[in-house]
Structure formats: structure tokens, C-alpha cells
Amino acid sequence: MKNRSRLSGILPCLLPALLLMSSTNTVAQSLDRASLPPPSLAADIANPRLMEGLTQRELRAGGSERIYFIHAPPTEARNLPVVIALHGGNGTAPRRARQMGFNDIGDREGFIAVYPQGVNYGWNDGRASPDMLRRLENTDDVAFFRALIGELRALPQVDPRRIYLVGGSNGGMMIHRLACEMTDLIAGAVVMVASLPEPLQGSCKPNQAVPILMMNGTADPLVPYAGGPVGGRGQIDQGRVLPAEETLRFWVRANGCLGDPELRTLPDRDPEDGMTTEGRTWKSCRDGVEVAFLRMNGAGHGLPGRSRNKAALAEELGGRSTNDFDSSEEAWAFLKRFSR
């Protein structure tokens, strides 16, 4: 594997993306996308702390050069699972690798972690608003992920029947789209703080059942639990999403799940924060898949257990995150039971 990629043709197109607009609360309405520092993939690649354990690779897909980062556990074993972790809007792959901790979990559990980089720091997730399409240069990200998974499946270390997707926010919406359009290539998906983009409601027709776990906060101001415009009441059209509960019903129907879900209440590890988590799991679904949902009562727009060091300004924009569970550990515990 290459340790360095030819960035000369790639970095010029990775310009700072439009940041998420403010939430509907008074404090956040006074903020705008210039309030947060713009991302820099080049700076993150030059940061040894962020790049620790990562190998940078490149591939050509959809007529353009794309890059991703890979971490393999210290083992000579073959047929390893793969977890592909997507960053959110305005994010970078190295930072997502550091935040989600899949390198360490993969070393412990024996899977390969992969972190793709979106064009202009985002993903063409199907919301299809004019502003988003301009920013993302109308990129064919479905073609990119097909090429990426095809390249990964060809590696002798990889089990092609156990390739999983995990992501939050814009990355989570992209996973909804991929679960709609390429279920033949993925063995399971975990979506955090993201709901199904409205335009996909009519076009999403998965040709196979797919295990899926969703995690949504009821107080998320950026991807509203009740559905509607993404990013609050900003002037930039970032598209719309279905309500979280409607998204859940969509996947229950798409996967042919029957009967009532199993219920659970997660331990309230911080009673002072006013947040609790309730779980629902449908286990009687087509082809042995499951649909699971974690409703994070009072939680905002952050990865559970992985946003402890969120900047104060980002918390004002997106709300607080629950620490009642670790989203990355929960994701792997769900995914590892399934294969394609």
C-alpha cells in the first residue's frame, strides 16, 4: 500500500465546504458558517497525531481522482471484515478516524477500518438541493463507493461478505442512499444523527434486505427529529429529511420486518444531563436481517460517547451529545453479527 498519494490533482478541488447553518435557538441564530474554522485536509494529512496508523490510498472513480485512508490490524489473518466510516459534512477522513476510534476497535476485534474523503468535504447524499449540488460538484458518490468496495474486495485480507458502513450527519445520509442503491455490496449499516433525505423516499427500492441501526437525538437542531429542513432556518438550502420515526418505518417495511420490536432502556450513565436512550429492535425481518433504533431523548447533533471534546461553538450550533453509550462500540456490536 502506498504511504503517500499524488495530491496535486486532488487538493485543489477539496475547498472549504459550506458549514451547517445555525439552529433555531436564539444563541445559534446569531452564528453563521464563518463562525467555525474551515477544514483543511492538507493540514490534517500533515498532522502525525491524526494520521497515526493510517495509510493513504487513491483511486479513480466517476471521472475523478479520489482518496481514502485505511488501517489494518496487526495480524496475518485473512478474510477480515471491513468497516467503512464516513465523515460528516465539512469533515475530513483523518479527523473522523481519530474521533470514531475504529482503528483501536479494529485492532482488538480483527477488522480493517477505512475512511473515505468526500469532495469538498461532503457527500452527495441525495438531498439534491441546488446549493448542495453546486458545492459537491454534482459528484457521483455512489460510483465512488462501488469502486472503493470493489477495490477492497480484491484485497486478499478482506472478506467480501462482511463489508459494513458507518457514518453520521451528512455521512449518515449518504449511507441511507447507499443502502438504497447498492445493498448487494454491503452486509450492514449504522446511521448516526441522520434521517432519510426526502427525495429518496420515492426512489429508494433496495433489491435486498440490509441490517440497519439508526441513532437519532430528539433535540437535534441540524437534522431535526421531526423532519424538515437540514441545518435549521439558514439561508442556504441544504435540503430536507424525513422525520426519524418515518425513516425508521421506511426501513422496517423495506426489510419486511414483522411484529412488534423488542424494547430496551439503556443505563442512564449521567443522570444530571437530562438525556436518556431507548432502544427498539425488529428481529423478524426478511433474510435474517434486523432493524434497530436508538432514540436519544434530549440529545442533539453529535456522535454518542464520541463528542466529549466538542468545541463550545459546535455545541451551540448542534446541541449536546449523550454519553450514555459509545456509538462506535454499539455500531460494531450490531454489525459483526451479519454477513452478505
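## Close-ups of a predicted model

**View 1. Gly167 and its neighbours on either strand.** In strand E6, the residue that bridges to Gly167 is Val191. Strand E3 (residues 80-86) runs parallel to E5, and the two are paired over six bridges. E5 pairs with E6 in the parallel sense too, over five bridges.

**View 2. Strand E5 and the unit it belongs to.** How many of the 11 residues of E5 (residues 158-168) are buried? Eight of them are, so the strand is largely enclosed by the rest of the structure. Follow E5 to helix H8 and then E6, and you have a right-handed β-α-β unit.

**View 3. Helix H10 and what covers it.** H10 spans residues 244-254, and its buried residues are Ala244, Glu245, Thr247, Leu248, Phe250, Trp251 and Val252. What covers them? Just past the helix comes Gly256, with a positive phi of about 60°.

**View 4. Asn297 in strand E12.** Asn297 sits in E12. Is Asn297 buried or exposed? Its relative accessibility is 15%, so Asn297 counts as buried, the cut-off being under 20%. Its side chain makes a polar contact of 2.6 Å with the side chain of Arg295. Leaving aside residues up to four places away in sequence, Asn297 touches Thr218, Gly274, Met275, Thr276 and Glu278.

**View 5. Val193, a loop residue with a positive phi.** Most residues other than glycine have a negative phi. Val193 has a positive one, near 40°. You'll find Val193 in the loop that links strand E6 (188-192) to H9. Because its relative accessibility is 2%, Val193 counts as buried.

**View 6. Asp287, another positive phi in a loop.** Here the phi is near 60°, again a positive value in a residue other than glycine. Where is Asp287? Look in the loop between E11 and E12. At 62% relative accessibility, Asp287 counts as exposed, whereas Val193 counts as buried.

Conventions: Residues are numbered from 1 along each chain as its sequence is written. This is a predicted model: local features need pLDDT of at least 70, side-chain atom pairs count only at pLDDT 80 or more; totals for chains, interfaces and linings use all residues. Side-chain values use heavy atoms; hydrogens and water are left out. Buried means under 20% relative accessible area, exposed over 50%, partly exposed in between (1.4 Å probe, protein chains only). Helices (H or I, at least four residues) and strands (E, at least two) are DSSP runs, numbered from the N terminus. A polar contact is a pair of N or O atoms within 3.5 Å; within protein, one must be able to donate a hydrogen and the other to accept it, and residues adjacent in sequence count only if both atoms are side-chain atoms. Contact means heavy atoms within 4.5 Å. Two strands pair if DSSP finds at least two bridges between them. A crossover is right-handed if, with the strands pointing away from the viewer, the path from the first strand over the helix to the second runs clockwise.
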